[in-house]
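Dear colleague,

I am handing over the structure below, together with some notes on what came out of going through it. Please read them with the model open beside you.

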Amino acid sequence: MHSFEITPPNHSIIAAEQVVEWFLTKYLSDYELDLTVENTDLSEDGVFGWCLRNDDDEFTIQIHFPLKEPDYIMTLMHELFHVQQHLEGRDRNEFEAQTMEIKLFNEYLTHIR
């Protein structure tokens with residue numbers, strides 16, 4: 001069972017909750033986890049997103065806000081893939097995450113059509 005929340009709610013990115021639910025159901029259904037997606041200003045960090053592991057099954061994803069919807073979803077996919085890497089006990093691999101964010105984004109678009 002998954003538990004997630006998006007804070008503060010991002011009304012300009014309507015698909016955020018749907019993206020998270022889709023990814024967790026499709027790729028992480030065998031895991032129980034708590035996930036918080038924080039919409040925040042990451043300008044000083046020079047990144048669009050972070051994935052933080054708070055505990056074995058508790059994660060926080062920070063997403064730079066505001067991003068346009070396609071960039072937001074792509075960044076969210078990238079960070080969700082890092083959650084998957086952590087849960088599967090794999091090393092965090094930026095090259096793999098960058099490759100997968102595009103694949104996942106396209107797969108999600110196909111899913112919603």
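Where does H64 lie? In this model, which is a predicted one, H64 is part of strand 4, the strand made up of residues 58-64. Its relative accessibility is 11%, and because buried means under 20%, H64 counts as buried. The side chain of H64 reaches the backbone nitrogen of L42, at a distance of 2.9 Å. If neighbours within four places in sequence are left aside, the residues in contact with H64 are T40, D41, L42, S43, V47, F48 and Y72.

Four strands make up an open sheet, in which the order is 1-2-4-3 and the pairing is mixed. Strand 1 (2-7) and strand 3 (49-55) stand at its edges with a single partner strand each, so that one side of each is left without a neighbour in the sheet. On average, and with direction ignored, neighbouring strands of this sheet are turned by 15 degrees against each other. Strand 1 pairs with strand 2 (residues 33-40) in the parallel sense, over six bridges, and E5 has T36 in strand 2 as its bridge partner.

As for the helices on the sheet, helix 1 lies across strand 1 and strand 2, and it runs at about 155 degrees to strand 1. Helix 2 (residues 69-87) also packs on the sheet, where it touches strand 1, strand 2, strand 3 and strand 4, and its direction makes about 155 degrees with that of strand 4. From its first C-alpha to its last, helix 2 reaches 27 Å with its 19 residues, which is close to the 27 Å expected at 1.5 Å a residue. Helix 2 is mostly covered, in that 14 of its 19 residues are buried. The helix is followed by G89, a residue whose phi is positive, near 75 degrees.

Finally, the aromatic rings. How many aromatic pairs does the count come to? The count comes to three aromatic pairs. In one of them, W22 and Y27, the ring centres are 5.9 Å apart and the planes stand at 75 degrees, so this pair is edge-to-face. W22, at 9% relative accessibility, counts as buried, whereas Y27, at 22%, counts as partly exposed. W22 also forms an aromatic pair with Y108, and this pair too is edge-to-face, with 5.4 Å from centre to centre and 65 degrees between the planes. Because W22 lies in helix 1 (residues 16-27) and Y108 in helix 3 (residues 94-112), the pair ties together parts that are 86 residues apart in sequence. Both W22 and Y108 are buried. Taken together, W22, F23, Y27 and Y108 form one aromatic cluster.

With best regards

Note on methods: Residues are numbered from 1 along each chain as its sequence is written. This is a predicted model: local features need pLDDT of at least 70, side-chain atom pairs count only at pLDDT 80 or more; totals for chains, interfaces and linings use all residues. Side-chain values use heavy atoms; hydrogens and water are left out. Helices (H or I, at least four residues) and strands (E, at least two) are DSSP runs, numbered from the N terminus. Buried means under 20% relative accessible area, exposed over 50%, partly exposed in between (1.4 Å probe, protein chains only). A polar contact is a pair of N or O atoms within 3.5 Å; within protein, one must be able to donate a hydrogen and the other to accept it, and residues adjacent in sequence count only if both atoms are side-chain atoms. Contact means heavy atoms within 4.5 Å. Rings of Phe, Tyr and Trp (its six-membered ring) pair if their centres lie within 6.5 Å; planes under 30 degrees apart count as stacked, over 60 as edge-to-face and the rest as tilted. Two strands pair if DSSP finds at least two bridges between them. Axes are lines fitted to C-alpha atoms, for helices over the stretch in contact, and angles run from 0 to 180 degrees between N-to-C directions. The expected span of a helix is 1.5 Å times one less than its number of residues.
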